[in-house]
Amino acid sequence: MTKQEVLEAIVACKEKLGHVPSRTELTKHCKVSRQQIRRHFGTYTQALKECNLELPKNHMVEMETLFRDWADITRRLKKIPTGVEYEEQSQYSMKPLMQRFGSWRAIPAGLKLYAEERGWTEEWQDVLELVQERENHPRVRGPATVVPLAGVTMMPDRPAYGPLMHPCPMLCAPTNEAGVFFLFAAMAEQLGFAVLHVQTEFPDCEALRVVAPNRQQRVRIEFEYESRNFLLHMHDPKGCDLIVCWEHNWQDCPLEALELRKLFSKQREQETG
């Protein structure tokens with residue numbers, strides 16, 4: 001879709017709905033993706049400006065409306081929706097709920113409390129039971145419960161460490177080498193890594209890696225957007241144990257390469273069922 005076609009779609013959506021569409025409404029009612037908006041305009045706000053439009057300021061969706069919308073989706077799915085599932089099926093984005101509860105993981109418990117305070121337990125019994133089931137069986141987190149990836153072996157020349165107690169993941173989609181590190185930081189816990197040290201010199205990072213149940217070893221990591229950039233940067237393979245990249249395109253790579261693109265896609269498929 002061209003830039004002009006995106007602008008025309010925004011105007012057409014406004015006429016159809018009778019109000020300036022949110023980004024979520026636009027993607028639902030028109031064949032406009034978030035990637036197309038980002039590519040042509042950078043932000044949705046900028047796209048609206050080029051149409052001489054703007055979203056209403058300080059518009060807050062009522063809490064009851066948000067609850068019933070979320071609960072309806074949960075009832076249809078018969079499970080707590082992921083963020084992706086919610087944005088696919090809701091007329092709202094994740095933002096209104098995130099603003100109220102701080103994180104996506106905190107939303108189900110917060111909405112359950114909201115319903116209980118208003119005496120809606122009978123009307124939404126099936127939904128609240130799903131939330132309670134989730135609270136009774138929280139997802140176990142931390143490297144201590146992560147088994148090594150296939151093919152990972154313990155290196156005999158490195159000490160082995162016990163399990164960490166307080167990992168701290170982050171999340172951001174990669175657009176360059178820095179983004180690769182940011183995404184790695186978010187996924188590190190699930191992949192069996194915990195960062196020890198980050199530096200501007202080669203290699204970029206030292207981390208502990210799960211290599212056996214309750215055993216970890218130190219690995220030296222270099223981050224690259226594409227694995228073959230390791231060659232372009234003229235790094236010495238002897239000074240590194242692992243390349244973490246978004247795309248692994250170095251056919252004769254002498255080092256292990258962890259391709260986050262495939263791992264992230266697999267994780268998203270698992271989360272969305």
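**Entry 1: Lysine 78**

I began with lysine 78, which sits in the loop between helix 5 and helix 6 (83-89). I kept in mind that I am reading a predicted model.

**Entry 2: Asparagine 52**

I then looked up asparagine 52, another residue that is not a glycine and has a positive phi, about 60 degrees. Where is asparagine 52 found? I traced it to the loop between helix 4 (44-50) and helix 5 (63-77). Asparagine 52 has a relative accessible area of 72%, so I noted it as exposed too.

**Entry 3: A cis peptide bond**

Which residues does a cis peptide bond join? I found phenylalanine 202 and proline 203, with omega at about -10 degrees. Proline 203 has its place in the loop between strand 2 (193-198) and strand 3 (205-212).

**Entry 4: Aspartate 241**

My next stop was the loop between helix 11 (229-232) and strand 5 (242-247), where I found aspartate 241. Is aspartate 241 buried or exposed? Its relative accessible area is 17%, and buried means under 20%, so aspartate 241 counts as buried. I looked at what surrounds it: leaving out residues up to four places away in sequence, aspartate 241 touches Arg158, Arg218, Val219, Arg220, Leu255 and Glu256. For arginine 220 I have a distance as well: its backbone nitrogen is 2.8 Å from a polar atom of the aspartate 241 side chain.

**Entry 5: The nonpolar cores**

I finished with the cores. In soluble globular proteins, nonpolar side chains tend to be buried together. How many residues does the largest nonpolar core have here? I noted 21, and the residues with the most contacts inside this core are Phe67, Trp70, Tyr86, Leu97, Leu111 and Trp124. Helix 5, helix 8 (107-117) and helix 9 (125-136) are the elements that give two or more residues to it. Helix 5 gives the most, with six residues.

Setting aside neighbours within four places in sequence, I found phenylalanine 67 in contact with Leu111, Tyr114, Ala115, Trp120 and Trp124. Apart from this core lies another one, of 17 residues, and I jotted down Phe184, Met187, Ala188 and Cys205 as being among them.

Technical notes:
Residues are numbered from 1 along each chain as its sequence is written. This is a predicted model: local features need pLDDT of at least 70, side-chain atom pairs count only at pLDDT 80 or more; totals for chains, interfaces and linings use all residues. Side-chain values use heavy atoms; hydrogens and water are left out. Helices (H or I, at least four residues) and strands (E, at least two) are DSSP runs, numbered from the N terminus. Buried means under 20% relative accessible area, exposed over 50%, partly exposed in between (1.4 Å probe, protein chains only). A polar contact is a pair of N or O atoms within 3.5 Å; within protein, one must be able to donate a hydrogen and the other to accept it, and residues adjacent in sequence count only if both atoms are side-chain atoms. Contact means heavy atoms within 4.5 Å. A nonpolar core is a set of buried Ala, Val, Leu, Ile, Met, Phe, Trp, Tyr and Cys residues joined through side-chain atoms within 4.5 Å.
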